[in-house]
Amino acid sequence: QVQLVESGGGLVQAGGSLRLSCIFYGSIFSMYSIGWYRQAPGKQREWVATIRARGTDYADSAKGRFTISRDNAKNRVYLQMNSLKPEDSAVYYCKADLLTGDGPDYWGQGTQVTVSS
């Protein structure tokens, strides 16, 4: 019913920037809230940021450095990541769920971000 594809990951030095994107394949993109999550080896998946119809939320680790945005005309969500730190290294995933709170969550397959010292 819904598929998500992340891109934009790669290698970057500490202090650098990356912009991740998540493309939504399905019906009525504007009805969905989109979140970004990340998972490093040996750690649990953690929430990074969420964008709803008119609001955003950030984890403390992302606040002030990351910005989430969406382009409903292109069925796309972005995560601008600035001032990257080695501890930001992880596989980053996007998740979609209906703004109503009903129905299942949909996950992408992830994109790798590696930050070197």
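Which handedness does the link of C22 and C94 have about the S-S bond? With 65° about that bond, the link is right-handed. The structure is a predicted model, in which local features need pLDDT of at least 70 and side-chain atom pairs count only at pLDDT 80 or more, while totals for chains, interfaces and linings use all residues. Residues are numbered from 1 along each chain as its sequence is written, and side-chain values use heavy atoms, with hydrogens and water left out.

**The disulfide**

- The structure holds 1 disulfide (a pair of cysteine sulfur atoms within 2.5 Å).
- C22 and C94 form this disulfide, with their sulfur atoms 2.1 Å apart.
- The pair links distant parts of the chain, 72 residues apart: C22 lies in strand β3 (residues 18–25) and C94 in strand β9.
- Strands (E, at least two residues) are DSSP runs, numbered from the N terminus.
- Both C22 and C94 are buried, where buried means under 20% relative accessible area, exposed over 50% and partly exposed in between, with a 1.4 Å probe and protein chains only.

**L20 in strand β3**

- L20 also has its place in strand β3, and it counts as buried because its relative accessibility is 0%.
- Not counting residues up to four places away in sequence, L20 touches S7, G8, G9, W36, V77, Y78, L79, M81, Y92, T111 and V113; contact means heavy atoms within 4.5 Å.
- L20 and V113 are 93 residues apart in sequence and 9.3 Å apart in space, C-alpha to C-alpha.

**K95 in strand β9**

- K95 is found in strand β9 (residues 90–98) and counts as buried because its relative accessibility is 12%.
- The side chain of K95 makes a polar contact with the side chain of Y37 at 3.0 Å.
- A polar contact is a pair of N or O atoms within 3.5 Å; within protein, one must be able to donate a hydrogen and the other to accept it, and residues adjacent in sequence count only if both atoms are side-chain atoms.
- Beyond four places away in sequence, the residues that K95 touches include L4, S33, D105 and W107.

- Strand β7 runs antiparallel to strand β8 (residues 76–81), and 6 bridges join them; two strands pair if DSSP finds at least two bridges between them.
- M81 in β8 is the bridge partner of F66.
- The hairpin has 4 residues between the strands, and N75 takes a positive phi near 50°.
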